[in-house]
Structure formats: structure tokens, C-alpha cells
Amino acid sequence: MTTDNTALTLEEVREQFSRDRFATVNGAVIEAVEEGYAKCSMILNETHRNAMGAVMGGAIFTLADFAFAVASNWNKAAHVSLSASISFLGGAKGSKLIAEAVKIKEGRKTCYYEVTVCDELGNQIAHMTSNGYCLDKA
């Protein structure tokens, strides 16, 4: 991850996170990044569905966790998740999930983010909070 003040393009950020294989192989795409913010999406297909035909919670969590990772890492020292809590609010009616991670607080060694997950129709799917720990700060 970069720690200098050089602005990265969206394509450079996507390349940086292409090594996040689990998320990217499952369809997670970075849509936008800003300081303390990331928007990621996932086009849903049959591999994202559970036995009842609904979107599997693991797919929703993967997208939310990826958005947290991008928001907390794309332009600074490496952060890892200390804890994450997700609440599933409703089923996806659309064919795309959108996760937006927003920084609430960042200290010397820890950070706290909220992530909302909706479908492209605006239905609220999940809300996640995540605490992160900075590996590289003194």
C-alpha cells in the first residue's frame, strides 16, 4: 500500500487490490475511492446464492469487508481488521450489490468504519462496522 502523498488513479487502486483474490474472484469491483471512503460492487450470479435462492451472507460480508479494506488501505499504511460485525437487513431484489465504507474515526493505531450494503434498486441489505489495526505506524 502506498504511504506517500501521490494521488493514485482508480485503475491503479484496482491493480493494487487485484491481489485480494477471494474478493475479486467472487466479483468484487472497486467503483470509487476517496480519503476514508470506498465504494465497491458485485454483480450477482448463481454462485452467490444459497440453497434457498437468496444471496448468501458470506457473499454480502465479502463485499462489505473488501470495501473496508479498500477504504482503510488504498492510500496509507496497511490496516487489518480487528473485528467486524454485520447485520443483515433484507434480501437483495436486484442483480448487483453496492457497498460503501466510510471512516468514522482513525487514531494512531486503530480505525473504525461503517459499511452499508444495498442493491442497485436502493434496498438496504446489510450494515457492517469494522475496527482496524494499523500495522506500520509507530
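Before I start, one term: a residue counts as buried when its relative accessible area is under 20%, and as exposed when that area is over 50%, with partly exposed in between. Please also keep in mind that this is a predicted model.

Searching the whole structure gives two aromatic pairs.

One of them is Phe17 with Phe66, an edge-to-face pair with 6.2 Å centre to centre and 90° between the planes. Distant parts of the chain are linked here: Phe17 sits in the loop between helix 1 (10-16) and helix 2 (21-25), while Phe66 belongs to helix 3 (residues 57-73), and the two are 49 residues apart. Phe17 has a relative accessible area of 5%, so it is buried. Phe66 is buried too, because its relative accessibility is 2%.

The other pair is Phe68 with Tyr113, also edge-to-face, at 5.4 Å centre to centre and 80° between the planes. This pair likewise joins distant parts of the chain, with Phe68 in helix 3 and Tyr113 in strand 5 (residues 110-119), 45 residues apart. Are Phe68 and Tyr113 buried or exposed? Both are buried.

Val80, Leu82, Tyr133 and Leu135 make up a nonpolar patch of about 350 Å². Of these, I will pick out Leu135, which lies in the segment after strand 6 (124-134).

Definitions and conventions
Residues are numbered from 1 along each chain as its sequence is written. This is a predicted model: local features need pLDDT of at least 70, side-chain atom pairs count only at pLDDT 80 or more; totals for chains, interfaces and linings use all residues. Side-chain values use heavy atoms; hydrogens and water are left out. Patches are made of residues with over 30% relative accessible area and no salt bridge: like charges are joined within 9 Å, nonpolar side chains (Val, Leu, Ile, Met, Phe, Trp, Tyr) within 5 Å. Accessible areas come from the Shrake-Rupley method with a 1.4 Å probe; for residues, only the protein chains shown count as cover. A salt bridge is a side-chain nitrogen of Lys or Arg within 4 Å of a carboxyl oxygen of Asp or Glu. Helices (H or I, at least four residues) and strands (E, at least two) are DSSP runs, numbered from the N terminus. Rings of Phe, Tyr and Trp (its six-membered ring) pair if their centres lie within 6.5 Å; planes under 30 degrees apart count as stacked, over 60 as edge-to-face and the rest as tilted. Buried means under 20% relative accessible area, exposed over 50%, partly exposed in between (1.4 Å probe, protein chains only).
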